[in-house]
Amino acid sequence: MRFGLLGTGHWAAETHAAALAAHPVAELAGIWGRDPAKAQALADRWGTRAHADADALIADVDAVAIALPPDIQSGLAERAALAGRHLLLDKPLAFGTEEADRIVRAVDERALASVVFFTNRFAAPVETFLQETAAAGGWDGGRATAFASIFQPGGHYGGSHWRRERGGLWDVGPHSLSVLLPVLGPVAEVTALEGPRGAAHVLLRHHSGAIGTLALTLDARPAAQGFSCDFYGERGIAVVPDAGTTAVAAFATAIDRLLSGAREGARRTPATSGSGARSSPSWRPPTAPAARGAPSYRAE
């Protein structure tokens, strides 16, 4: 499958491009960015072509991987889906539900494959843990803390305007929810308080009756940085394990999932559907890595 990469920042260069260039099935067919010079430099680094126009790149590929701010991603993702291209997206999908719903509708109407990338969710130990913990049941609640400190000198994301404006709730919040929701289920009610250093302290009531809590910031004191998540209930405490993999390896797994989803969609949808989507090649997606580890229970 031919992928176009939209974005030229650190995450695009070191995770998206690196995983796509090394993947045995995917092909990094081109790069577009808002800064043409950065797009050309990144294309030269990974041996592909820089495109001056995003729509020209979309027209030339089967799928797009997007590593751009949410308000930029949402419009490009919708345009790519309307053109029949599969989507490998970053979180958050958009800044508004209307924009997000339009992307979902365009994907569904064209039977496209789409994946929103959350690093831990594509790590085998975490995925296995979540499946087993959800199946076990009996959880009264879950707790997630994501205290990052990205505005220190030398950081890769300190210049990110949307992160400075929206804070941890929008940046690391989706990562925390991607782990809590598979176990505790959909949320019925939300309340929150703002804390020191831009922290968001969020209280969630899930439809299951369980309570979830989030503590999130991008501006933690350097000595107070930390990332953790656990669940508590009748079996004691279940601690989410370390991902045990790199972001590039996790992104490669996300690529595999997209390939698999595109293949399944092609089986269900005739190539002449008129949606604008290309017929899918006859590939066999690589097998996901074997799960490692098991839930770590600690009795109280």
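View 1. Strand β1 is mostly covered, with four of its five residues buried (buried means under 20% relative accessible area, exposed over 50%, and partly exposed in between, with a 1.4 Å probe and protein chains only). Helices (H or I, at least four residues) and strands (E, at least two) are DSSP runs, numbered from the N terminus. The model is predicted: local features need pLDDT of at least 70 and side-chain atom pairs count only at pLDDT 80 or more, while totals for chains, interfaces and linings use all residues. Residues are numbered from 1 along each chain as its sequence is written, and side-chain values use heavy atoms, with hydrogens and water left out. β1 runs parallel to β2, joined by five bridges, and also pairs in the parallel sense with β3 over four bridges; two strands pair if DSSP finds at least two bridges between them. The bridge partner of G4 in β3 is V64. Together, β1, α1 and β2 form a right-handed β-α-β unit (with the strands pointing away from the viewer, the path from the first strand over the helix to the second runs clockwise).

**View 2. The salt bridge between R2 and E27.** R2 has E27 in β2 as its bridge partner, and the side chains of R2 and E27 also meet in a salt bridge (3.3 Å, N to O). R2 lies in strand β1 and E27 in strand β2, so this pair ties together parts that are 25 residues apart in sequence. R2 is partly exposed at 24% relative accessibility, as is E27 at 39%. A network of salt bridges links R2, E27 and D60. A salt bridge is a side-chain nitrogen of Lys or Arg within 4 Å of a carboxyl oxygen of Asp or Glu, and by this rule the count comes to 13.

**View 3. The largest nonpolar core.** This core has 30 residues, and those with the most contacts inside it are F3, L5, L20, L88, F251 and I255. A nonpolar core is a set of buried Ala, Val, Leu, Ile, Met, Phe, Trp, Tyr and Cys residues joined through side-chain atoms within 4.5 Å. Elements giving two or more residues include β1 (2–6), α1 (10–22) and α10 (247–268). Of these elements, α10 gives the most, with seven residues. Residues up to four places away in sequence aside, I255 touches F3, A19, L20, H23, A26 and L88 (contact means heavy atoms within 4.5 Å).

**View 4. Helix α4.** A77 lies in α4 (residues 70–82) and is buried, at 0% relative accessibility. Not counting residues up to four places away in sequence, A77 touches I66, L87, L89 and I103. R79 is partly exposed at 39% relative accessibility, and D55 at 37%.

**View 5. The surroundings of D171.** D171 is buried at 8% relative accessibility, and its side chain meets that of R163 in a salt bridge (3.1 Å, N to O). R163 is buried as well, at 17%. The side chain of K91 makes a polar contact with the side chain of D171 (2.4 Å); such a contact is a pair of N or O atoms within 3.5 Å where, within protein, one must be able to donate a hydrogen and the other to accept it, and residues adjacent in sequence count only if both atoms are side-chain atoms. K91 sits in the loop between β4 (86–89) and α5 (97–109) and is buried, with a relative accessible area of 12%.
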